[in-house]
Each structure stands twice: as structure tokens, then as C-alpha cells.
Amino acid sequence: MSRSPPRILNWAGSKGRVAKTLVAAGLPGYDCYHEPFLGSGAAFFCFGHEKLFAKAFLSDTNPHIVNMFRSIQSDPSLVSNKLKLHALLDSAVHYASVAYRINESLLDQVPEKSADFIYLLAGAFHSTWYETLSGQIRLSRDPGVSEYKPRLWDIQKASEQLQSAHVQKRDFRLSLEQVGSNDLLFLDPPYLNASEQQEQRGYNSKRFSRSDFVELVERTSAAAASGADVIFCWSGIEPLLSKVGRWSWIGRDAVWVSDGLFEHLRSAETFLEVAFEKECKAATLK
Ligand SMILES: C[S@@+](CC[C@H](N)C(=O)[O-])C[C@H]1O[C@@H](n2cnc3c(N)ncnc32)[C@H](O)[C@@H]1O
């Protein structure tokens, strides 16, 4: 049996490695964990695997992601059975028909759709998808993809970890209102598109814009100032977020950690060894 955290979705840019580094650095435990840009949930699964919190508030605006987490939470066997069926039927033609039907209307908590989404991403080119401005998902099958093998242990394990979680479809603004002064907040917002004119890029039709980002930074700073521990992943060092925390590099991710937590991690021998010497180059702002 694997002893790694469960991995449900093949997700380009997942923050599993960032989370693993922070765990090795001695991330402490919390009563409550918040992840408002959930994506594949790699950080949640990593921290949850280490039992670092008693309950979690997870959210995302993407209905497929929310449906997937809720379905695995409530009916992992049904999701697993549907995945086994995908493994039996797996072919280019089957993939194309699932990619077509994923755009049919999505009601709340549909395990079949959850399995469709997992299957599609498992075989997708670059482990990613595009969404049109009208919200249609576009995926193409990686021509070099190998036989589809469902990760059934991961579904079961993920379901167990999700029992203590509230999974909601909501915008980050609402989710941040729930953050308390002793909680841990993990943020990995979508990167801003260089070319906002492109027809089919981005995570959803209401794109995450620069003004959303500025608002997120303000709310993050307020949460950190009120005592929450915050981890914020970004594509580079963002000067707006420099005052109440510190930036480091973990692999290719710039990671901002609020002051109190940074001091805690810094004092841990493992953080110096793992994060600074092996993976993080300390980053300073001028
Ligand atoms: C960079 S991904 C998160 C990836 C995740 N950390 C992982 O390791 O898989 C950003 C997520 O934010 C979601 N999102 C975009 N705009 C949002 C908003 N306004 N509020 C909440 N979530 C949003 C997207 O649907 C996407 O799943």
C-alpha cells in the first residue's frame, strides 16, 4: 500500500511539492485549514495525510472540481466503479465521447461526472484543459498516453481525508471571510494571463484578473495581520505582498509565508536543510 498522499487528478502545476517541502520543514498543526483555490487539492491531501488539521474548508469556483471532491467524499465506491468502467472502455473514441459529454449541464454532486473528469484529465495533453468564455471545457487526448489505470486506493484514501472537510463552490472572497486567527490559509490563485484577449484560455469564463489579485492580496494581508498563518504561492515575487511576510523559492514556485509561520519554519532545522539549502533560494526584495 502506498504511503504517499492520495493524488486524484493529473494537474499541471500542482502544489504537492511545495506542500511536501513545508511539511518537511516542520509545518505545525492547526484546528482549521482553508484552501480557497482548491484545484487538484494537492496541498490539502499532503497536509491531511500528515494529520495537520482537525477540519478543513475547501472551495473553488470550478463546478467540476467541486463536484469531484463532493462525490468522492460521499460515494467513493461509485466513483471507483465508474473509473473501472473507463479503464475497460479506454480508447481514443471513448475519450472523445466523454470529452463531449462533460459539457452537458452539471447538477450538484454527480459521481459519473466526477469519474469522467478524473479520466479526462488523466489522459489529457499536458494534463490540462481549456475553457471557452461560455464555460465549455476543451480537452485533447495525449497521443502518447499509456493505458488508463484508475488509482482506486487514492479515491478511497481521499474520501477518508475528506470526511472532515466542507467543500463549497464559491469565490475566494467569501471563503476568506471564514478564516480565523489561529487557522492555516493556503493560497494558490490562478496565474494572470499575459494575453487576456485569447479566446480559450484560463480556468473559467470569469477570469481571475489583476483587480481580483489586488483584492486577494489585501484580504490575505488582513488575515495574516489578524494572526492567521498564511502560505501564498505565486509565479514570482509580488511586491504588494512583502510587508507582513517573507518570500522564498520552492522549486519554481515563489512562496510567501506570513511572519509568525516563517519564523517557526526558519527555526526548524529541517527547513534550513530542506527548504533553503536544497530547494529554496532565499529571495529578497529591494
Ligand atoms: C492554480 S489553481 C490551484 C491548483 C492547486 N493548488 C493544486 O495544487 O492543484 C487555481 C484554482 O483557482 C480556481 N479559481 C479561479 N478563480 C477563482 C475565484 N475567483 N475564486 C475561487 N477559486 C477560483 C480555479 O478553478 C483553479 O482550480
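Two residues are taken to be in contact if their C-beta atoms, placed from the backbone, lie within 7 Å. The structure is a predicted model, in which local features need pLDDT of at least 70 and side-chain atom pairs count only at pLDDT 80 or more, while totals for chains, interfaces and linings use all residues. Residues are numbered from 1 along each chain as its sequence is written. Helices (H or I, at least four residues) and strands (E, at least two) are DSSP runs, numbered from the N terminus.

Helix H1 (residues 16-24) packs against helix H2 (residues 42-49) at an angle of about 30 degrees, and their axes are 8 Å apart. Axes are lines fitted to C-alpha atoms, for helices over the stretch in contact, and angles run from 0 to 180 degrees between N-to-C directions. H1 and H2 are therefore roughly parallel to each other (angles under 35 degrees count as roughly parallel, over 145 as roughly antiparallel, 65 to 115 as roughly perpendicular and the rest as oblique). On the H1 side, Gly16, Val18, Ala19, Lys20 and Val23 meet Ala42, Ala43, Cys46 and Phe47 of H2. By class, this contact has seven nonpolar, one polar and one charged residues; Ala, Val, Leu, Ile, Met, Phe, Trp, Tyr, Cys and Pro count as nonpolar, Asp, Glu, Lys and Arg as charged, and the others, Gly among them, as polar.

Seven strands form an open sheet with mixed pairing, in the order S5-S2-S1-S6-S7-S9-S8; two strands pair if DSSP finds at least two bridges between them. Strands S5 (165-169) and S8 (245-250) stand at the edges with a single partner strand each, so one side of each is left without a neighbour in the sheet. From one strand to the next, the twist averages 15 degrees. H2 packs on the sheet, where it touches S1 (30-35), S2 (53-60) and S6, and its direction makes about 175 degrees with that of S2.

Strands S6 (residues 184-187) and S7 (residues 229-234) run parallel and are joined by four bridges, with Leu185 partnered by Val230 in S7. S7 is also joined by four bridges to S9 (residues 253-258), and these two run antiparallel; here Phe232 stands opposite Trp256 in S9. Six bridges connect S8 and S9, again in antiparallel fashion, and Arg246 has Val257 in S9 as its bridge partner. The hairpin of S8 and S9 has two residues between the strands, and Gly251 takes a positive phi near 60 degrees there.
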